[in-house]
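Subject: Structure handover

Hi,

Here is the structure I promised to pass on to you.

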Amino acid sequence: MCGIVGYIGRRDVAPLLLEGLQRLEYRGYDSAGIVVNSPKSGALKMVKAKGRVRDLEARVPKRFAGTTGIAHTRWATHGAPSDINSHPHLDPENKVAVVHNGIVDNAAELRAKLEAEGVVFASETDTEVITHLIARSQAESLEEKVREALKVIEGTYGIAVMHADFADRIVVARNGSPVILGIGEKEMLVASDVAALIAHTRQVVTLNDGEMATLKADDFRTYTTSGTTTNATPETVEWEAASYDMGGHDTYMHKEISEQPDAVDRVLRGRIDDRFNTVHLGGLNLDPREARAIRRVKILGCGTSYHAGLIGASLIEGMARIPADAEPASEFRYRNPVVDPDTLYIAVSQSGETYDVLAAVQELKRKGARVLGVVNVVGSAIAREADGGVYVHAGPEVCVVSTKCFTNTVVAFALLAVHLGRIRDLSVTDGKRIIEGLRKLPAQIQEILEQEEDIKKLAAQYADAKSMMFIGRVRGYPVALEASLKLKEISYIHAEAYPASELKHGPLALIEPSLPTVAIVPDDDLLEKNRAALEEIKARSGRILAVAHREQEKADHTIVVPKNEDELDPILMGIPLQLLAYHTALALGRDIDKPRNLAKSVTVE
Ligand code: F6R
């Protein structure tokens, strides 16, 4: 969703900010804008455009010099996508410029109050309220003006502010929306995502909620919204700028699917303890006594992360013998759930920013629950709010739809399940069996990726479908759910996922030659049951594509994947279906990395 990038230093700022905005494009947006301050007069110059960053770039005049600037990609919340509603927002005297991620909850009330005082609004946005509040403040310093404005604002924000009368600084603040400072040599940057900073510096400071910062070209200062100095020290970002590039692939999605053997290797690295056939998870903050006292596990996430959580729940229940289930975080937080002190809550989020998940975590913590995070982005809001957790170490995921993060999240759950299991009921032999299985995953994923050409041919045969059915049983059902989500997100083909056992309770009515079914058919104790479902479909002349450990006679096509331990099979069975979705979308000419209407981090309700 919305993105912020800002710079103060000696370089020509506009190209640098535009390049930063391009790095944020993957998050999803509908308009963009930029403000720079004129090196001589200090006057603010602004350009905004509905559409892509390249539309904004086309509007930036040749003479647009400046060495300080802020820029933004907007995802509309208050007010439709338009030039006017794009950020930055300036006051009528063109002195104050604000870019904002998040939502001002009391914007309507503040707007009415300001209008009653004679303020004329240019846009329909909630953000413009912040601009006017800052511009009207009588405080002496920019920091104090911003602080005064923030005092009356309710809601979430990551903001960056420039002021023509305080040309030597950018003031930024965070409450619930990421703000990351990039510390350079005689230059400072700010962004809502490391992706926009990494080409310039790997030294970063991630602001906490309630924290502000003043950036000058050769200095930065952090403090709380009430003015207490916080003295934040920079950390080094682990990833190279190249991790955010396409690396020779045509799309980020393809790159990220291909990276999975390495990504899985990374999530396993340093965590396996062969001496006790268990797993060490450094950041869990859960001692064995506490682990033994857990009576239930509740996993919360949205979309793909929820699907990973469903597999996670079955891994934990199966190995640690603790009743476990997963629920969409977006539903959980609105149903006034019973919060039980003996339940371990686990929040799953690739971005660590998803608002519904964050809100669920905050609600749980307020009620005294223990919450762990299973998160990819290090230092993200959910990772910080949680009492402990497991990083999934998938590396930066740029494509809007998740692939490698999903896989790594499931592997992280398998590690957690072994860890909890070995403290409770999982035997040494079973611990060893699962660990050996985990170690086989990278090579087995590679084997599946090598079938890409065959899967591409299959995709061409199924791309004309108007709708597709995905079925799986028990462990295979979340695989079906995730595969159907992936297909619909990027190909826009309607898809449904059902437990195979539920077919005859309704969806069988849909089966006919024009509705193909993708069936997850592992070689496990449910093989015969799954085969029976294939018979039912075949008897209704349905086309079947099976993902199985051996050719399935009843299927029109079978993608054969390598066998691992039963518990870990879902990890492998999902991989060919990522490729199937990818090649189907490619055959249909879709914008794979940026599917319509979707954003990478859903930071609003
Ligand atoms: C789908 C996808 C989304 C996200 C969901 C939660 O491919 O990526 O369904 O999984 O929006 O996002 P995170 O995991 O960042 O909390």
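**Domains from the record**

UniProt, in an unreviewed entry, places the feature "domain: Glutamine amidotransferase type-2" at residues 2-218. UniProt positions are given in the numbering used here, with feature names shortened, and annotations may be inferred rather than shown by experiment. Please keep in mind that this is a predicted model, where local features need pLDDT of at least 70 and side-chain atom pairs count only at pLDDT 80 or more, while totals for chains, interfaces and linings use all residues. Residues are numbered from 1 along each chain as its sequence is written, and side-chain values use heavy atoms, with hydrogens and water left out.

The span 2-218 is 23% helix and 30% strand, with its end C-alpha atoms 27 Å apart. Helices (H or I, at least four residues) and strands (E, at least two) are DSSP runs, numbered from the N terminus. The unreviewed UniProt entry also gives the feature "domain: SIS", at residues 286-426 and 458-595. Residues 286-426 are 46% helix and 20% strand, and their end C-alpha atoms lie 18 Å apart. For residues 458-595 the figures are 38% helix and 19% strand, with 22 Å between the end C-alpha atoms.

**The antiparallel sheet**

Eight strands make an open sheet with antiparallel pairing, in the order E3-E2-E4-E1-E10-E9-E11-E14. Two strands count as paired if DSSP finds at least two bridges between them. Strand E3 (44-50) and strand E14 (235-236) are the edge strands, and each pairs on one side only.

Some of the pairings in detail:

- Strand E2 (residues 31-37) and strand E4 (residues 68-74) run antiparallel and are joined by six bridges; Gly33 has His72 in E4 as its bridge partner.
- Strand E9 (residues 180-183) and strand E11 (residues 203-206) also run antiparallel, with three bridges, and Leu181 stands opposite Val205 in E11.
- Two bridges link E11 and E14 in the antiparallel sense, with Gln203 opposite Thr236 in E14.

Two backbone details turn up in loops. His87 and Pro88 are joined by a cis peptide bond, with omega about 0°, and Pro88 sits in the loop between E4 and strand E5 (89-90). Asn94, in the loop between E5 and strand E6 (96-101), has a positive phi near 55° although this residue is not a glycine.

**The parallel sheet**

Strand E25 (residues 544-548) runs parallel to E26, and four bridges join them. Val547 has Ile559 in E26 as its bridge partner.

**The ligand**

Which residues come nearest to the ligand? They are Ser305, Ser349, Gln350, Ser351 and Thr354, out of 13 residues around the ligand (a residue is near if one of its heavy atoms lies within 4 Å). Polar contacts here are pairs of N or O atoms within 3.5 Å; within protein, one must be able to donate a hydrogen and the other to accept it, and residues adjacent in sequence count only if both atoms are side-chain atoms.

An oxygen atom of the ligand lies 2.6 Å from an N or O atom in the side chain of Ser349. For Ser351, a ligand oxygen is likewise 2.6 Å from a side-chain N or O atom. The protein covers 91% of the 400 Å² of accessible area that the ligand has on its own (Shrake-Rupley method, 1.4 Å probe; for residues, only the protein chains shown count as cover).

**Arg422**

Arg422 belongs to helix H13 (residues 404-423). Beyond its neighbours within four places in sequence, Arg422 is in contact (heavy atoms within 4.5 Å) with Phe276, Asn277, Thr278, Ser427, Val428 and Gly431. A polar atom of the Arg422 side chain lies 2.9 Å from the backbone oxygen of Leu426.

Best wishes
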